[in-house]
Amino acid sequence: MASTDYNSIFSSGINRHAGLEYNEVKKPGAQIFTQENVDGRVLRVQNWETHALPSRRNPGDTFDAGSFKESYGRTVVIVNYGMFDSIAKEDIDDDMYNIIHRVLPLQGGALGRSFALNEEYVRMGLLMNYGYTSSTGLPQQFDGKSLFNTAHPVSKSRSSTTVSNRPSSDVDLSIAAVDAARVNLVTQYAANYTARVEDKPKYLCINPTQNRVATQICKGDWERATADRNMNVVKDYGIQIIELPYWTKSGTVGAATNAYNSWFILGENHQLRQANRQGFKVDSDTDIHTNSVIWVASQRFEVYWSDFRSTYGSLGV
């Protein structure tokens, strides 16, 4: 339904119009999703399992065979997002404050803000809906598992061998939890189940309600929530705190108080990605049958992950 409830633009005597101009929409999710431009509607990503270790041989013995092979792959279909609005020309002519042109056609206007906000909702929606679920066979992940899972197949050819990037029981954010995440990142197995990924934690992602705890953990000189004066070694990890206002995931207890206590850590080589086919744009045209101007805004992109490695997270308690 197009805009119709704007009769105030025809009334004189209004001194100030509020709600049209805000700060630029912040998109912290864009910082944790690697941006990539694509030139087609479908993107295919293939992971590989490389050779394991060579075997010991005695002089004159034959060499043992080694092989590399396909691991899990992923097909990403680009999604088209769109919205239109239509305003009668006579209403545009009678707009005493130029409100219509301030709201609709500009990239920084209401349509632009809506699309910028949509990106954050889509990014957080992917992680909240498919990050922790116990469901299997998920099309959103190449191995059919949630992003944070205790039973990821290490590779396609070793599907019975599983690894974890999540605590066996969910935990709230703490020094011990971040330390466990770091250990997991630096010891995660590659697809050949021989090499270690050896990644470093880069981002700690939280809802703003967890900022105080996260700041004490990542920046405090001493370990948080203990009477002992233990040096806080997490401070030396150099982890950057990323506050995600639209990340509203909670554990069972946290959900009762809207604590939004779920969290996750990304390593330097994480594979959260956003495939951009077409940036936000606005087109306009005239409908002579209704004597109206139509604005149509659109954007094409999709978010996905191509590997669970270099990630670690928990729902919180």
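Helices (H or I, at least four residues) and strands (E, at least two) are DSSP runs, numbered from the N terminus. The model is predicted, so local features need pLDDT of at least 70 and side-chain atom pairs count only at pLDDT 80 or more, while totals for chains, interfaces and linings use all residues. Residues are numbered from 1 along each chain as its sequence is written, and side-chain values use heavy atoms, with hydrogens and water left out.

**Exercise 1. A nonpolar patch**

Locate Trp 222 and state which residues make a nonpolar surface patch with Trp 222.

Step 1. Trp 222 lies in the loop between α6 (211-219) and β8 (240-243).

Step 2. The relative accessible area of Trp 222 is 40%, which makes this residue partly exposed. Buried means under 20% relative accessible area, exposed over 50%, and partly exposed in between (1.4 Å probe, protein chains only).

Step 3. Patches are made of residues with over 30% relative accessible area and no salt bridge; like charges are joined within 9 Å, and nonpolar side chains (Val, Leu, Ile, Met, Phe, Trp, Tyr) within 5 Å. Accessible areas come from the Shrake-Rupley method with a 1.4 Å probe, and for residues only the protein chains shown count as cover.

Step 4. Together with Met 231 and Val 233, Trp 222 makes a nonpolar surface patch of about 300 Å².

**Exercise 2. Two cysteines**

Step 1. A disulfide is a covalent bond between the sulfur atoms of two cysteines. The criterion is a pair of cysteine sulfur atoms within 2.5 Å.

Step 2. The structure holds zero disulfides. For Cys 205, the nearest cysteine sulfur is that of Cys 218, 11 Å away.

Step 3. Cys 205 is buried at 0% relative accessible area, and Cys 218 is buried at 4%.

**Exercise 3. Salt bridges**

Determine which parts of the chain are tied together by Lys 27 and Glu 119.

Step 1. Side chains of opposite charge can pair when their charged atoms come close. A salt bridge is a side-chain nitrogen of Lys or Arg within 4 Å of a carboxyl oxygen of Asp or Glu.

Step 2. The structure holds nine salt bridges. One of them joins the side chains of Lys 27 and Glu 119 (3.3 Å, N to O).

Step 3. Lys 27 lies in the segment before α1 (29-32) and Glu 119 in helix α4 (residues 110-130), so the pair ties together parts that are 92 residues apart in sequence.

Step 4. Lys 27 is partly exposed at 33%, whereas Glu 119 is buried at 8%. Both belong to a network of salt bridges that also links Glu 120 and Arg 123.

**Exercise 4. The surroundings of Arg 41**

Is Arg 41 buried or exposed, and which residues is Arg 41 in contact with, leaving aside its neighbours within four places in sequence?

Step 1. Arg 41 lies in the loop between β1 (34-37) and β2 (42-49).

Step 2. With a relative accessibility of 64%, Arg 41 is exposed.

Step 3. Contact means heavy atoms within 4.5 Å. Apart from neighbours within four places in sequence, Arg 41 is in contact with Val 76, Val 77, Ile 78 and Arg 300.
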